[in-house]
Amino acid sequence: MLRAQVCCSSEISFLMEAHDGLSAAIAGRAGFKGLWASGLSIASSLGYRDASETSWSQLAGVVERIVDSGKLPVLVDGDGGFGNFNNARLLARKLRQCGAAGVALEDSCFPKTNSLLGDRHLLADVDEFSGRLRAVKDTVADDLILVARIESLIAGHEVDDAISRAHAYAEAGADAILIHSRRTAADEIFAFTKAWQNKLPVVIVPTKYYRTPVSAYRKAGISTVIWANHSMRAATAAMRQVCSRIVAEESTAGIEPAIATLDEIFELFRYDELADAEARYLPQRRRPERHEQSSNDFEGLLS
Ligand code: SPV
Ligand code: MG
């Protein structure tokens, strides 16, 4: 399903960020066909920094909830694989067990730094990173789609460097190339796609160059666009606003119309299905005598 979207479709596809079961369910309801389990967003939701502070097993635990709750194919942000080839293949095996559809591995060094922050972005050696990719491919074969993410432009290198890495990663077995840029215009991305000529499908993350219209990505033959952190940022803004108002107003009356109703939450997670299942599977009889007796006894004690 994810392979079809990223690798085989002539239509552009969109992956929406999810960082927990709630954000995954909401994205699915909104109509997205696939999810991005974002390292930044998951770290933030756990109260960590996107600097390899989340462990690979914590990531896997969250991915499992995203997969179960969203019921959509999930491409997992695997950072650099949390170490060398061995850590990367262990991660990939675990993500497959959790039901992920793909993993994106970036050619950064451990511990990583978020690509959109600061200027200290150390690139992995091409051969060493290719080994990580090969180890993952040999471990999970085609069960997981393997996206090789190139951080050359983030680290301040030229498009040529990104292209030569893309060739090496394609050779190592990548199914798609994610080219990342932190510029506010998509010029570097289009220079890359022009030179790369879709030798493998191209995935992008337009967090910084968000003004570029999707029509330009279609024209450039881009396969997949990742909206990488927008639910987490929306939740942050909304929670901050609600918390400040409750503190200031010492009441929740004012914010009630602006927040999700409890019925929306019950509907989102299909509490009606649970009620139906209870009717089907729980014994349909009156509460046991013994129970009534003990509750009466309890009332007796209080009176
Ligand atoms: C993420 O969502 O964690 C990403 C994209 O890796 S970025 O934050 O731009 O590095
Ligand atoms: Mg990340």
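Author: Let's start with helix α2 (residues 21-30) and helix α4 (residues 56-70), whose axes come within 8 Å and cross at roughly 30°. Keep in mind that you are looking at a predicted model. The crossing of α2 and α4 is right-handed. On the α2 side, the contact is made by Gly21, Leu22, Ala24 and Ala25. Helix α4 brings Arg65, Ile66, Ser69 and Gly70 to the contact.

Now step back to the whole chain. There are 13 helices and eight strands in it, and the C-alpha trace spans about 80 × 45 × 35 Å along its principal axes. Of the 303 residues in the chain, 44% are buried. Take the contacts with a separation of 6 or more: 72% of them are between residues 24 or more positions apart.

Look for serine 115 in the loop between β4 (102-106) and α6 (126-140). Is serine 115 buried or exposed? Serine 115 counts as buried because its relative accessibility is 2%, and the cut-off for buried is under 20%. To see what serine 115 touches, leave aside the neighbours within four places in sequence. The contacts are then His121, Arg149, Glu151, Ile154, His180 and Arg182.

Finally, let's look at the cysteines. A disulfide is a covalent bond between the sulfur atoms of two cysteines. How many disulfides does a search of the whole structure find? The search finds zero. Cysteine 8 lets you check this for one case: the closest cysteine sulfur to its own is in cysteine 7, and the two are 5.7 Å apart, so they are too far for a bond. The cut-off here is a pair of sulfur atoms within 2.5 Å. Cysteine 8 is also exposed, with a relative accessible area of 61%, while cysteine 109 is partly exposed at 29%. Those labels follow from the cut-offs, because exposed means over 50% and partly exposed lies between that and the buried limit of 20%.

Terms used:
Residues are numbered from 1 along each chain as its sequence is written. Chains are lettered from A and ligands numbered from 1 in the order in which they are written. This is a predicted model: local features need pLDDT of at least 70, side-chain atom pairs count only at pLDDT 80 or more; totals for chains, interfaces and linings use all residues. Side-chain values use heavy atoms; hydrogens and water are left out. Buried means under 20% relative accessible area, exposed over 50%, partly exposed in between (1.4 Å probe, protein chains only). Axes are lines fitted to C-alpha atoms, for helices over the stretch in contact, and angles run from 0 to 180 degrees between N-to-C directions. Helices (H or I, at least four residues) and strands (E, at least two) are DSSP runs, numbered from the N terminus. A crossing is left-handed if the near helix is turned anticlockwise from the far one by less than a right angle, and right-handed if clockwise. Contact means heavy atoms within 4.5 Å.
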